[in-house]
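Dear colleague,

Please find below the structure that I am passing on to you, together with its sequence. I would be grateful if you would look it over alongside the notes that come after it.

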Amino acid sequence: MEAIKAKSIISKVSFGDRWFGTDYNMNIYRGCCHGCIYCDSRSECYRIEDFDKVRIKENALEIIRDELSRKRKKHSVIASGAMSDPYNPFEEKLQLTRKSLEIINEFKFGASITTKSQLVARDADIFDKIQKHSPVIVKMTVTCADDTLSRKIEPFAAVSSERFKAIRELSDKGIFVGILMMPLLPFINDTPENITSIVRKAKESGAKFVFPSFGLTLRANQREYFYEKIDAIFPEIKSKYINTFGGKYSCNSPYMKELWNLFKNECDKLKIIYRMNEIIDAYKSKYKPAEQSFLNICF
């Protein structure tokens with residue numbers, strides 16, 4: 001495993017109030033080996049060479065400990081999984097994510113995890129320790145209800161059935177866990193059948209929420225990679241993308257309005273939350289100071 005130098009690992013985020021209420025971002029690994037054909041982190045602007053090769057950041061745990069020791073905001077939430085999956089296959093042996101969570105717990109911070117790996121269920125014991133003092137949320141990305149399709153567009157990640165199993169394990173242990181249903185690729189997995197099935201399996205698995213995105217983003221480097229892959233896997237789809245989106249960055253499903261209504265109705269029927277503010281409130285509300293809750297009631 002190659003190690004790369006890093007001066008800092010914990011960075012402040014400016015959009016946390018709009019994206020699951022996170023305060024800081026943490027990436028211990030660089031690159032990802034899931035091979036997802038749609039991954040925006042492969043884009044040229046991020047300057048990650050050999051993106052499919054996973055590397056660790058040198059002295060990561062020492063840096064995390066030092067940086068957290070100098071932060072004081074109570075109940076701050078540290079997110080991991082924005083640029084690389086914190087539960088890649090190497091994590092099973094290296095346990096860097098697990099050890100970083102132990103440090104997060106030690107310094108009384110919260111945790112927000114995004115992953116496609118069933119390995120996240122291993123750390124339910126640490127999530128439970130953290131949630132005794134700070135917010136915890138686990139977001140499992142699920143784009144396909146069907147394992148066959150998930151193998152095609154996320155070839156080296158855990159198949160969807162394994163992810164649903166991990167959600168069940170975490171939920172049964174009292175961890176706030178839900179689904180990122182994104183991206184839904186136009187003409188590939190943006191179908192009523194796929195969306196309905198994911199929501200229903202989310203309910204069966206004990207997921208507390210499903211948060212969707214009806215489309216994907218394409219920019220330099222990632223666009224070429226994506227087109228190469230869909231040309232090989234889904235013949236004739238590439239021409240639909242070119243004719244529909246041209247060189248656009250945001251490629252939303254042509255059926256977005258209809259799919260949103262279908263998704264919303266299914267979630268409402270099954271009592272699964274799906275709006276960002278509802279999700280943030282659901283996993284954070286009990287950590288608000290008593291005087292703040294009183295003010296919210298009165299005013």
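The following paragraphs set out what was found, beginning with a pocket and going on to individual residues. Please bear in mind throughout that this is a predicted model.

The largest pocket has a volume of about 1100 Å³. Its lining is made up of 40 residues, and those nearest the centre of the pocket are Trp-19, Ser-41, Gly-81, Ala-82 and Met-182. Two or more lining residues come from each of β6 (77-80), β7 (110-115), β8 (136-141), β10 (210-212) and β11 (215-217). The largest share, 3 residues, is that of β11.

Met-182, one of the residues nearest the pocket centre, is joined to Pro-183 by a cis peptide bond, with omega at about -5°. Pro-183 belongs to the loop between β9 (177-181) and α7 (192-205). Phe-187 is also found in the loop between β9 and α7. The phi angle of Phe-187 is positive, at about 70°, although this residue is not a glycine.

A positive phi, of about 55°, is likewise seen at Arg-47, which is not a glycine either. Arg-47 is placed in the loop between β4 (29-30) and β5 (55-57). Arg-47 counts as exposed because its relative accessibility is 73%, where the cut-off is over 50%.

Which side chain of opposite charge is nearest to Asp-85? It is that of Lys-116, 5.9 Å away, and Asp-85 is buried yet has no salt bridge; such a bridge would require a distance within 4 Å. The side chain of Asp-85 does have polar partners: it makes a polar contact with the side chain of Thr-115 at 2.7 Å, and it reaches the backbone nitrogen of Tyr-87 at 2.8 Å.

Finally, Asn-277 lies in helix α11 (residues 276-284). With a relative accessibility of 55%, Asn-277 counts as exposed. Asn-277 and Arg-18 are separated by 259 residues in sequence, while their C-alpha atoms are 8.0 Å apart in space.

With kind regards

Definitions and conventions: Residues are numbered from 1 along each chain as its sequence is written. This is a predicted model: local features need pLDDT of at least 70, side-chain atom pairs count only at pLDDT 80 or more; totals for chains, interfaces and linings use all residues. Side-chain values use heavy atoms; hydrogens and water are left out. On a 1 Å grid over the protein atoms alone, a cavity is a set of points where a 1.4 Å probe fits but cannot get out, and a pocket is an open set with protein on both sides within 12 Å along at least five of seven lines; lining residues have an atom within 4 Å of a point. Grid points are joined across faces, edges and corners, and a volume is the space filled by probe spheres set on the points. Helices (H or I, at least four residues) and strands (E, at least two) are DSSP runs, numbered from the N terminus. Buried means under 20% relative accessible area, exposed over 50%, partly exposed in between (1.4 Å probe, protein chains only). Lys and Arg count as positive and Asp and Glu as negative; His and the chain ends are not counted. A polar contact is a pair of N or O atoms within 3.5 Å; within protein, one must be able to donate a hydrogen and the other to accept it, and residues adjacent in sequence count only if both atoms are side-chain atoms.
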